Amino acid sequence: MANSGQKVVLITGCSSGIGLRIAVTLAKDEKKRYHVIATMRDLKKKDKLVEAAGDAYGKTLILLPLDVCSDESVKQCINNIKDRHIDILINNAGVGLLGPVESISIEEMKRVFETNFFGVVRMIKEVMPDMKKRRSGHILVMSSVMGLQGVVFNDVYTASKFAMEGFCESMAVQLMKFNIRLSMIEPGPVHTEFETKMMEDVAKMEYPGVDAETVRYFKDVYLPSSIDIFEAMGQTPDDIAKCTKKVIESNSPRFRNLTNSLYTPIVALKYADETGGLSVNTFYNLLFNFGPLMHITMSILKCLTCSCLRRRTVSPN
Ligand SMILES: NC(=O)C1=CN([C@@H]2O[C@H](COP(=O)(O)OP(=O)(O)OC[C@H]3O[C@@H](n4cnc5c(N)ncnc54)[C@H](OP(=O)(O)O)[C@@H]3O)[C@@H](O)[C@H]2O)C=CC1
Ligand SMILES: CC1=C(/C=C/C(C)=C/C=C/C(C)=C/C=O)C(C)(C)CCC1
């Protein structure tokens, strides 16, 4: 049970990656300011988290089952919490989906929206009424740079994160009236199982209904560039956990929080030209004209990130 003065934090998707690191980082807070309810849909996967939590397990960190795709599971989990009191809700659970749209079934696309979009909506709907009554709370959402900028061959994943950004941008105004904060965390590539799972899915892909030219662009142009980008720009789940803790602990938490300064110029392109031409053409050139020179492109991107833009991201340090 939480001590008085401790903030109750509920995190979704803590079996691996970013969710696991956020749970452990908050549970190991030196001043023990957080009572962490780390949730996962399958408690059989708890070992990594329990090991990483060490002494904190059973003290500042407890485990509960929660599947963000199930109304019943979400209700049961929240009803199991004393007075249904959650100070900070961190919506982290999410799944990726990569590849030419022609080869992806509508069912697979719906699964991504069910988790990344409706999963977040379901959690917010369950927790928000109690926060409104108490006139306090902080809701965080693990969005992505792909919630702000589309990326080729990530069409459906991007759409699910855009949907969530739109939902949250609208909700933030109403919630502010009830003294509830809403913050988006927007990482670029992060080295987690997310990357591994996507690469495994891609290796199994058969591309039914996709023309040979598109398959070639995906396999020979996009994938090598994407691997380069993960290598050059990838952050660790620990970086994202530190950024998230900073946002939680800020006196005036920002709504948008990019975690990787290298993405600031990419996202800025769409605001620099409201016709959208600048971003579409730049992405086209980066991929199809400079793709083979991606290493150099990465260096140029690093140079473009001037210190004034860097100030606009939340750094892990
Ligand atoms: N890695 C990256 O490059 C980036 C990731 N993100 C976002 O960060 C978040 C975390 O991803 P990351 O840590 O990288 O990836 P992981 O695959 O390591 O973690 C995803 C977590 O979500 C859980 N999850 C999936 N579906 C459900 C569900 N229905 N109910 C509850 N939990 C579920 C997984 O559980 P299980 O083990 O049961 O599958 C897992 O614990 C996601 O929202 C992702 O979109 C954002 C930007 C970049
Ligand atoms: C190929 C390619 C790109 C790829 C970006 C990638 C691969 C981003 C991955 C982000 C992730 C994994 C977010 C998760 O939510 C850029 C930089 C847009 C530039 C144009 C060419």
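The second largest pocket of this predicted model has a volume of about 370 Å³. A pocket is here an open set of points on a 1 Å grid over the protein atoms alone, with protein on both sides within 12 Å along at least five of seven lines, and lining residues have an atom within 4 Å of a point. Of the 15 lining residues, Lys7, Ile88, His138, Ile248 and Ser250 are the closest to the centre of this pocket. Two or more residues each come from β5 (137-142) and α8 (237-249), helices (H or I, at least four residues) and strands (E, at least two) being DSSP runs numbered from the N terminus.

Ser144 is listed by UniProt, in an unreviewed entry, under "binding site"; such annotations may be inferred rather than shown by experiment. Serine 144 lies in the loop between β5 and α5 (155-177). Because its relative accessibility is 6%, serine 144 counts as buried (under 20% relative accessible area, 1.4 Å probe, protein chains only). Its contacts (heavy atoms within 4.5 Å), not counting residues up to four places away in sequence, are Tyr157, Lys161, Glu165, Ile185, Glu186 and Pro187.

One cavity of 30 Å³ or more was counted, a cavity being a set of points where a 1.4 Å probe fits but cannot get out. The largest cavity holds about 30 Å³ of space, and its lining includes Leu97, Phe153 and Tyr157.

Residues are numbered from 1 along each chain as its sequence is written. Local features need pLDDT of at least 70, and side-chain atom pairs count only at pLDDT 80 or more.

Terms used
Chains are lettered from A and ligands numbered from 1 in the order in which they are written. Side-chain values use heavy atoms; hydrogens and water are left out. Grid points are joined across faces, edges and corners, and a volume is the space filled by probe spheres set on the points. Buried means under 20% relative accessible area, exposed over 50%, partly exposed in between (1.4 Å probe, protein chains only).
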